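Student: I'm new to this one and would like to go through it with you. Can we start with how the helices and sheets sit together?

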Amino acid sequence: MATSRKKSGPKEQDEQQALWNPVEKKLGEFQRAVLEAVLSEMAAGNLAWSSSMLYRTMTGKTNGESVSQEQQKMVDDAMTQLMYTPLHIDLHDFAGSEDIGPGDAVLDGPILPAERITMNLSGIPVSSYRVVALPIIFRFCSITKSITMTPISFLSIGISYTQRNIAILNMMQRNVAPLIYPTEGVYKKPAPLIIHYESIYEVALEGSSVESSFTVKQRIRETVHTILDTWAKHGYIAKWDSIKERRSYVAVRIFFPNRQPTPPPPVHFNI
């Protein structure tokens, strides 16, 4: 899967943040997961796909595994947002300030330029999609080398793939994968990564009417722990632990292996 990574230099970090700022204001983590699934299909040479195919790509499932109508609808709703949400990129952020002033050159277009056909098969609506142009976000991530490729197996976790859990998984892999599979240079064992639970709660509950209760937070932490246990079992990370302050768990700390895990094909595309 592909995921975006933070570049090492301040200029590159500014460019990447400038690219994602207008996107993150309009999309939640689940929608971003769907977008990454689309780009993964494109990286594999597929320009047309069904909502079921995208769901399997997002969750590391095989072609033979069924996808429910509810799961397809989750993807279809996110695709509607991606297809009809405009993206505005100020090119001043990607050029020298002496070349282009703020607002002098703005690139506009949909986040995902695609078309959809919906057919009724035995009374059940089924949607398929086809990309009609290379997405702006893909072009800029390619130019700024902010794309990480990770194994599909990285997403194969023993959890229920609800919209909330997919958002949590996507957020976790987006933070961890770039450290395991750097796009430039060779792998060097990273320092332990700390991810605060509050940032995970925010992602998990965005757009939800569910209150952030003790029980809900505990379930979210359990999902995170399952993800990390699976990664540790398969050697993607060395180990992990929780950081506790007084009587509350505040963050998770992830330790990395001495050697880079070998990424088996197929890969998933993360931005």
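Student: How are helix 2 and helix 6 oriented to each other, roughly parallel or roughly perpendicular?
Tutor: Keep in mind that this is a predicted model. Helix 2 (residues 29-43) and helix 6 (residues 163-180) pack at about 70 degrees, with their axes 8 Å apart. Angles of 65 to 115 degrees count as roughly perpendicular. So the two helices are roughly perpendicular.

Student: What is the bridge partner of A48 in strand 6?
Tutor: Strand 2 pairs with strand 6 (residues 124-131) in the antiparallel sense, over 3 bridges. In strand 6, A48 has as its bridge partner R130.

Student: And the sheet with the order 8-10-9: what is the bridge partner of L193 in strand 10?
Tutor: That one is an open sheet of 3 strands too, and its pairing is antiparallel. Strand 8 (193-196) is one of its edge strands, and it pairs with strand 10 (residues 248-255) over 4 bridges. In strand 10, the partner of L193 is I254.

Student: At what angle does helix 8 run to strand 9?
Tutor: Two helices lie on strands here, so let's take them in turn. Helix 6 lies across strand 8 and strand 10, at about 165 degrees to strand 8. Helix 8 lies across strand 9 and strand 10, and its angle to strand 9 is about 150 degrees.

Student: Are the rings of F154 and W231 stacked or edge-to-face?
Tutor: The whole structure has 3 aromatic pairs. For F154 and W231, the ring centres are 4.3 Å apart and the planes are at 10 degrees, so the pair is stacked.

Student: How many residues apart in sequence are the parts that this pair ties together?
Tutor: F154 sits in the loop between strand 7 (147-151) and helix 6. W231 belongs to helix 8 (residues 214-233), so the pair ties together parts whose separation in sequence is 77 residues.

Technical notes: Residues are numbered from 1 along each chain as its sequence is written. This is a predicted model: local features need pLDDT of at least 70, side-chain atom pairs count only at pLDDT 80 or more; totals for chains, interfaces and linings use all residues. Side-chain values use heavy atoms; hydrogens and water are left out. Axes are lines fitted to C-alpha atoms, for helices over the stretch in contact, and angles run from 0 to 180 degrees between N-to-C directions. Angles under 35 degrees count as roughly parallel, over 145 as roughly antiparallel, 65 to 115 as roughly perpendicular and the rest as oblique. Two strands pair if DSSP finds at least two bridges between them. Rings of Phe, Tyr and Trp (its six-membered ring) pair if their centres lie within 6.5 Å; planes under 30 degrees apart count as stacked, over 60 as edge-to-face and the rest as tilted. Contact means heavy atoms within 4.5 Å.
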